[in-house]
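Open the model in your viewer and keep the selection tool at hand.

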Amino acid sequence: MLIVDVTRTRSGSRFFTVPVVTLIALTFLLGLSEFIVVGVMQPIASDMRVSLAAIGSLVSAFALVYAPMTPIGAAVSAKFNRFHALMAMTGIFLAGNVLCAFALNYPMLLVGRIVIATVSGPLVAVPMTFAPDLVGASDRPRFMSWIFSGISIAAVFGVPIGTFIAQQFGWRWSFHLINLLTVIVIISMLHCLPRASYTTGATRFLPQFRLFTDVRVWYGMLAVVFGAAATYSFYTYLSPILTEEIGVPERYLSLALTAIGLAALWSNLYSGKLAARGTGSQPIIGLIPLYLLQAVCLAVLPFASMIPALGAVDLLALACLMYLQNSPSQVLHTAIAAERFPSSMTLASSMNAMAFNIGITLGSAISGLAMTHLGLRWFGLFGAVLALGSVGVLMLLKRAESRGVAC
């Protein structure tokens, strides 16, 4: 059955085979686990008897660990059978979520989040390397966008459902749900993923990092860092912004999060279409006008409390811009690896995830300082400056490409 599915997928007659859906489900759980804190910040803070800012730091701590562990984990996993590496990391992911579900205090919860963060980045990168085994060449941008979309689907359905479960049964049951679904995904991976999808042990660890000698990699990463930081300058405290600034009643919070999540899902899927517009750096350079639009939307955000309807529309627009950079960034980094560093392909697949979480760390840290000293209202102005940073970096990338600069 697996052989039939894979053959039909590679021929282009079928895309959503069981292996493809299973990998999307895995990234859905990664997104659900990473972002669930956004929806249940207040219940956790109340239960743990800590401040809202302390719970917000769980987002920063997660991203701070996620960022360096992504390239390290990806480079290490390239030395082993990818199926075995994927299964082992998924087991660690499950263990971290179990620890969160049964955390007795804030430090125990923090440790659980760190455990999850150590493997979440590679668990996004490694599924990307299954693309040649599961889909044809013409479907690979679509495959990449759907792998990333698993995270957006978590924002659409998972986080609001998790928030609803937390409101009805307590926040721990949100993590229990993640654990149950993870066990189901593990069983599915055991039954449907091709065992032969692996790289040999000949891939050495340190030479893979020669990828970083290409200046285009740095420009691509910095664009994602600034773009993600701009987003998370407000998204880290999305629930308080909705209830305190926009005026969404608590009982409608899950519905509001669902609407924003749907917009974010569209963003991720449309990212795949943007990635198909050209090769190499062309798709990501094409994002310059969209980063400018993001800066404008963020600059408008401080007026949300004055005109709630404007604030609601503005947040939806920002959600539509949230993930547009994902697939174009992936195209840039994998193209560079294919051109100059073939042994670094798995590492290249991790660049977007690493850069995005560095951006999360930066954005959530800035929003934490802004909340402490200025309040929720002024997050947008800091985000606008960060979005302009992406514009500047991509202008440098465009200039480097015109000069034929690689390293």
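Which element gives the most to the lining of the second largest cavity? Helix H14 does, with 3 residues. The model is a predicted one, and the values quoted on this tour are computed from it.

**Stop 1: the second largest cavity**

Select Gly227, Thr231, Leu287, Leu290, Tyr291, Gln294, Leu321, Met322, Leu324 and Gln325, which line this cavity. Then colour helix H10 (215–235) and helix H14 (288–300), the elements that each give two or more residues to the lining of the second largest cavity. By class, the lining of the second largest cavity holds 6 nonpolar and 4 polar residues, with no charged ones.

**Stop 2: the largest cavity**

The structure holds 5 cavities of 30 Å³ or more, and the largest cavity contains about 130 Å³ of space. To find the largest cavity, select Phe148, Ile151, Asn326, Phe356 and Asn357, which lie nearest its centre among the 14 lining residues. Next show helix H2 (18–39), helix H8 and helix H18 (351–373), the elements that supply two or more residues each to this lining. H18 gives the most to the lining of the largest cavity, 5 residues. The lining of the largest cavity divides into 9 nonpolar, 4 polar and 1 charged. Colour the model by domain as well: domain 1 (17–195) and domain 2 (205–406) each contribute at least three residues to the lining of the largest cavity.

**Stop 3: the largest pocket**

Now turn to the largest pocket, with about 560 Å³ of space. Select Arg140, Met144, Thr334, Ala335 and Met345, the closest to the pocket's centre of the 27 residues that line it. Four helices each supply at least two residues of the lining of the largest pocket: H7 (131–134), H8 (140–169), H16 (326–340) and H17 (345–349). Which of the elements has the largest share of the lining of the largest pocket? H16 has it, with 5 residues. The lining of the largest pocket is made up of 14 nonpolar, 11 polar and 2 charged residues. Keep the domain colours on, as the lining of the largest pocket takes at least three residues from each of domain 1 (17–195) and domain 2 (205–406).

**Stop 4**

In soluble globular proteins, nonpolar side chains tend to be buried together. Centre the view on Leu242 and list its contacts. Beyond its neighbours within four places in sequence, Leu242 is in contact with Gly247, Val248, Leu253, Ala256, Leu257, Ile260 and Leu315.

**Stop 5: Arg49**

Finish in the loop between helix H3 (41–48) and helix H4 (52–77), where Arg49 is found. Check the backbone torsion of Arg49: phi is near 60°, a positive value in a residue other than glycine. Why does Arg49 count as exposed? The relative accessibility of Arg49 is 79%, and exposed means over 50%.

Conventions: Residues numbered from 1 in each chain as written. Predicted model: local features only at pLDDT ≥ 70, side-chain atom pairs only at ≥ 80, totals over all residues. Heavy atoms only, no water. Contact = heavy atoms within 4.5 Å. 1 Å grid on protein atoms, 1.4 Å probe; cavity = no way out; pocket = protein on both sides within 12 Å on 5 of 7 lines; lining within 4 Å. Points joined across faces, edges and corners; volume = space filled by probe spheres on them. Nonpolar A, V, L, I, M, F, W, Y, C, P; charged D, E, K, R; others polar. Domains from an automatic or database assignment. Buried < 20%, exposed > 50% of the residue type's maximum accessible area, 1.4 Å probe, protein only.
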